[in-house]
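Have the sequence and the 3D view open while you read.

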Amino acid sequence: MSATAASIAHAPAPPGLLKRFLRSSFFAVSVIVLAIIVIWYIAATFLNSPWQYEVFARQDVKPGVVEFIEATWSQERPVLPAPHQVGEELYKTIVLTAPTSKRSLLYHGWITLSSTLAGFVLGTLLGIGLAIAIVHVASLDKSLMPWVVASQTIPILAIAPMIIVVLASLGLTGLLPKAVISTYLSFFPVTVGMVKGLRAPDPINLDLMRTYNASKAQTFWKLRWPTSVPYLFVSMRVAIAASLVGAIVGELPTGAVAGLGARLLTGSYYGQTVQIWSALVVAAVMAAVLVTIVGIAQRIVMRLMGMPP
Amino acid sequence: MVTSPETAAAPVTGQVTPAGAAAPGAIPDQQAAPPESPVIGIDHLSLTFHTNDGPVEALRDINLAIGRGEFVSLIGPSGCGKTTLLRVIADLERQTGGTIAVNGVTPREAREKRAYGYVFQAAALYPWRNIARNIALPLEIMGLRRAERDRRVADNLALVNLQGFERKFPWQLSGGMQQRASIARALAVEPELLLMDEPFGALDEIVRDHLNEQLLQLWAKTNKTVVFVTHSIPEAVFLSTRIVVMSPRPGKIHDVIDSGLPRDRSLDIRETPEFLKIAHRVREGLRAGHSYED
């Protein structure tokens with residue numbers, strides 16, 4: 001449907017401002033966001049109403065429909081907070097609180113972001129290294145690959161506390177253990193993607209290298225590595241999102257000192273659903289921004305490599 | 001790289017001696033030495049692929065000697081092993097029987113010395129390298145200095161009439177231009193021998209005619225030995241000094257036709273009776289090779 005609309009857009013006369021607006025991605029995204037907010041409000045009304053019935057019943061008040069709905073949107077500990085409640089909380093903890101304060105979501109976000117990025121870099125390097133080994137050593141393909149796959153079938157929630165405990169006993173605390181959990185989650189997509197990417201060269205291009213009597217290293221740097229770049233970026237987009245999940249999960253068993261994971265945990269201890277949801281929103285926005293940054297980096301690199309726009 | 005003293009000595013004497021032809025595991029043959037030292041000497045060569053469906057005989061008892069400066073076409077229907085034979089010469093496949101010598105040494109040694117340039121069916125240019133850097137690719141691998149690389153890139157681009165396209169990327173060029181760039185890349189190695197596997201097969205007739213004419217001029221200018229695989233009769237007859245007609249299942253040589261046509265020829269020659277006579281003989285050969293199938 002949208003595809004046909006896009007092809008019609010190539011008609012000779014330039015479309016009017018309104019038409020251009022209706023076809024813009026800004027409009028499309030806005031519609032989706034609006035729909036989510038509407039559904040969110042409806043869900044909040046229904047999910048919070050049982051508690052609200054009890055409150056009104058205890059107070060012996062017979063509220064009107066509007067009054068009742070408004071009440072479901074402004075509970076202190078709702079089952080599902082309304083969007084504006086989350087918005088207020090975000091405003092309070094991001095704008096009104098100094099970033100250095102432990103009440104600031106920016107402070108907690110930064111803690112999570114730093115271990116996400118550290119884990120992402122380590123995971124990407126590990127993933128590339130494993131892929132290079134697997135592609136070049138035939139026996140590793142059979143012996144190592146099953147372990148790589150098996151590593152991802154272990155629930156991260158089960159293994160994360162073990163990693164924290166083991167590393168703490170070695171005297172390693174703080175950023176590194178969380179980064180290790182991020183690495184654990186993010187190396188996998190990079191390994192799988194890069195094994196595929198490093199094997200992607202056309203047989204004809206490998207034959208060409210053979211006719212030049214190129215060494216394995218030359219074939220790698222001049223052919224396999226450039227061929228795998230698009231695969232690397234696709235993998236990195238998955239890896240950075242996985243890395244964020246790893247960082248948050250890694251913050252749960254540390255005793256909830258700092259980070260978005262800590263906010264989630266303390267929020268659930270004290271039934272602060274608004275706090276939980278604002279931490280979730282920050283995590284989601286962070287993931288979207290990180291994935292977008294990787295996407296932009298991909299476009300820049302592909303252009304530098306002379307690929308068609 | 002393991003080189004026995006005998007095989008290393010062979011190119012110095014310029015003779016295809018049985019010792020020189022003896023690749024590890026190959027069978028020495030006393031009849032291998034032709035009168036003058038050929039660029040390629042193939043003797044009782046056979047190749048059987050071992051597939052899951054059992055052995056497939058790709059080549060059987062191939063005997064062929066190609067002299068310096070010749071333009072030899074291998075023609076035949078698909079499955080006749082013409083590309084396989086070219087790949088054996090290039091050491092991209094290895095024979096399972098018989099011997100083959102390229103410049104008096106085994107194909108492997110010839111490849112390690114970068115004795116030939118190979119042009120594939122597809123241009124196989126690297127999309128992330130511009131045309132100049134694509135042509136410089138083998139030169140980088142050979143470890144040539146920057147100045148020498150630049151000189152060879154410029155010379156060979158001029159040879160295939162692609163000056164001014166140095167900084168263009170492959171996707172910005174037409175199919176014919178891409179294939180010319182890939183020929184320039186093969187020539188940049190400065191090999192005596194050019195192996196071409198249906199290089200113009202994917203191009204339209206007009207472009208193909210044009211490139212055929214250019215290839216002949218190039219051949220006249222550089223005096224290289226060319227082995228050219230094709231399935232087009234006019235192309236084979238127009239280009240070649242000798243045409244090898246092959247037949248399939250198993251791949252073998254059906255006929256070898258010496259073209260009496262002058263070396264210096266233009267596209268008009270295709271209308272002459274001599275040309276048509278050779279083309280007729282090639283067609284007859286192809287038909288005979290096919291006949292048992294019907």
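Q: Which residues of helix α11 (residues 203-211) of chain A are buried, and why do they line one face of the helix?
A: This is a predicted model, where local features need pLDDT of at least 70 and side-chain atom pairs count only at pLDDT 80 or more, while totals for chains, interfaces and linings use all residues. Residues are numbered from 1 along each chain as its sequence is written, with chains lettered from A and ligands numbered from 1 in the order in which they are written. Down the axis of α11(A), the buried residues fall within an arc of 160 degrees (directions from the helix axis to the C-beta atoms), so they line one face. With buried meaning 20 or more other C-beta atoms within 10 Å of a residue's own, C-beta atoms being placed from the backbone, they are A:Asn205, A:Leu208, A:Met209 and A:Thr211.

Q: What do the buried residues of α11(A) pack against?
A: Helices (H or I, at least four residues) and strands (E, at least two) are DSSP runs, numbered from the N terminus. Both chains take part here: the buried residues of α11(A) pack against α12 (216-251) of chain A, together with α4 (107-112) and β5 (116-119) of chain B.

Q: Which residue with a positive phi follows α11(A)?
A: Its phi is near 55 degrees. The residue is A:Asn213.

Q: How far apart are the end C-alpha atoms of helix α5 (residues 83-95) of chain A?
A: The expected span is 1.5 Å times one less than the number of residues. For the 13 residues of α5(A) that should be 18 Å, which agrees with the value in the model. The ends are 17 Å apart.

Q: Which residues of α5(A) are buried, and which exposed ones sit on the face turned away from them?
A: The buried ones are A:Gln85, A:Val86, A:Glu89 and A:Thr93. They cover an arc of only 95 degrees around the axis, which puts them on the same side of α5(A). They pack against α6 (105-136) and α14 (273-304) of chain A.

Q: What separates the centres of domain 1 and domain 2 of chain A?
A: Domain bounds come from an automatic or database domain assignment. Domain 1 covers 2-80 and domain 2 covers 105-304. Taken over C-alpha atoms, the centres are separated by 34 Å.

Q: Which element of chain B gives the most to the side that touches chain A?
A: The contact (C-beta atoms within 7 Å) takes 17 residues from chain B and 17 residues from chain A. On chain B's side, α4 and α5 (131-142) each supply at least two residues. The top contributor, with 3 residues, is α5(B).

Q: Is B:Ser37 buried or exposed?
A: B:Ser37 lies in the loop between α2 (18-21) and β1 (40-51) of chain B. There are 21 C-beta neighbours inside 10 Å, so B:Ser37 counts as buried.

Definitions and conventions: A residue is buried if 20 or more other C-beta atoms lie within 10 Å of its own, exposed if 12 or fewer, and partly exposed in between; C-beta atoms are placed from the backbone. Two residues are in contact if their C-beta atoms, placed from the backbone, lie within 7 Å.
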